[in-house]
Structure formats: structure tokens, C-alpha cells
Amino acid sequence: MDFVADEAVEHGLKDDSSTGWGQIFAWVTIDAHNYCMQQGIINGTPLTDSDVRAVWDDLQNPTYNIRSVASLTLYNSYQFGIARPSLTTSPADTQALLARYNGTGDDAQQYSRELIDLCNVLENYNQLSRNK
């Protein structure tokens, strides 16, 4: 379905879709970008609703897309009123951020429960590297 949604945006049949490696919407990227700018985390120009198509096009670039995912994670932590993600982020906060990244509701919660196990496995390996 992602391919079909992307094609619809490319052909002007739809304004936005989740796209790129991070499967992120342009409107979400705009909100996260503007928040991070206001916080002094990134530099740039504020984006508006009129930038949706340009941002969507930019999200096709993997580097821009992944940076946008990082901005969104910082924005989501602000939305939840929790500290910015770090090596000390609790598993519960990590799971909450994973859920919020994927939306709201039961499907997002289920996805976060599935992903937290993978995060825990990766953290075990990462922790070994940090303790060398």
C-alpha cells in the first residue's frame, strides 16, 4: 500500500503519504522540523503547510528522511513531557516513543510492544560495545 500511496502523491492525486525509509509524512516532518528549530536543535527556515510537497519530495532522500525521523523522536518526547531520548531512556519511555512514532490507538501500541523486544536485543549488544 505504501507504493500505491507514494504513486498517488507523485501524480498529484494525493497531498501526502508516509514515505521513505522512516515511513514519515511530510506534515509530521514539518511539525517536528519547526519544533526542533524553535528549540535551537537545528538551523533552518520555518516550514508551513505550503511546503508539504517540497518536504515530501525531500523525504525521498534517505539522509533527509532519517534526520527527519530523529527530529520527530525529539518532538514526540516533548509531546509526552519526557526527557529527550538518550542512553538512559527507560524501556517504558522508549516503548511510548515507538508507539507515538506510529500514531495513536491500538495498532500503534501493538507495534511498540513488538518493537521493544528488538530494541532490547540491540541495546544488549550496544551496551557491550560501550563497556569495552
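This briefing describes selected features of one protein chain, grouped by topic. The model is predicted, and every value below was computed from it. Its largest nonpolar core has 16 residues, and two salt bridges are counted in the structure. A nonpolar surface patch is also present, made by V121, Y125 and L128.

**The nonpolar core**

- Within the largest nonpolar core, which has 16 residues, those with the most contacts inside it are I24, A26, I30, V55, L59, L72 and Y75.
- The elements that each give two or more residues to this core are α2, α3 (52-58) and α4 (62-80), and it is α2 that gives the most, with six residues.
- I30, one of the core residues with the most contacts, touches L47, T48, D51, V52 and V55 when residues up to four places away in sequence are not counted.
- T29 is found in helix α2 and is buried, because its relative accessible area of 3% falls under the 20% cut-off.
- Not counting residues up to four places away in sequence, T29 touches I24, V55, L59, Y64 and S68, and of these I24, V55 and L59 are also named among the core residues with the most contacts.

**The loop between α1 and α2**

- S18 has its place in the loop between α1 (2-10) and α2 (26-38), and it counts as buried because its relative accessibility is 15%, which is under the 20% cut-off.
- The side chain of S18 is joined to that of Q23 by a polar contact of 3.3 Å.
- Leaving aside neighbours within four places in sequence, S18 is in contact with D2, D6, Q23, I24 and F25.
- Q23 lies in the loop between α1 and α2 as well, but it counts as partly exposed, at 31% relative accessibility.
- When residues up to four places away in sequence are not counted, K14 touches A5, A8 and V9.

**Salt bridges**

- Side chains of opposite charge can pair when their charged atoms come close, and the count here comes to two salt bridges.
- One of them is formed by R53 with D57, whose closest N and O atoms are 2.9 Å apart.
- R53 and D57 both lie in helix α3, four residues apart, which is about one turn of the helix.
- R53 is partly exposed, with a relative accessible area of 35%, and D57 is likewise partly exposed, with a relative accessible area of 35%.
- In the other salt bridge the side chains of R130 and E123 meet, with an N to O distance of 2.3 Å.
- R130 counts as partly exposed at 36% relative accessibility, and E123 counts as partly exposed at 28%.

**The nonpolar surface patch**

- V121, Y125 and L128 together make a nonpolar surface patch of about 340 Å².

Key
Residues are numbered from 1 along each chain as its sequence is written. This is a predicted model: local features need pLDDT of at least 70, side-chain atom pairs count only at pLDDT 80 or more; totals for chains, interfaces and linings use all residues. Side-chain values use heavy atoms; hydrogens and water are left out. Buried means under 20% relative accessible area, exposed over 50%, partly exposed in between (1.4 Å probe, protein chains only). A polar contact is a pair of N or O atoms within 3.5 Å; within protein, one must be able to donate a hydrogen and the other to accept it, and residues adjacent in sequence count only if both atoms are side-chain atoms. Contact means heavy atoms within 4.5 Å. A nonpolar core is a set of buried Ala, Val, Leu, Ile, Met, Phe, Trp, Tyr and Cys residues joined through side-chain atoms within 4.5 Å. Patches are made of residues with over 30% relative accessible area and no salt bridge: like charges are joined within 9 Å, nonpolar side chains (Val, Leu, Ile, Met, Phe, Trp, Tyr) within 5 Å. Accessible areas come from the Shrake-Rupley method with a 1.4 Å probe; for residues, only the protein chains shown count as cover. A salt bridge is a side-chain nitrogen of Lys or Arg within 4 Å of a carboxyl oxygen of Asp or Glu.
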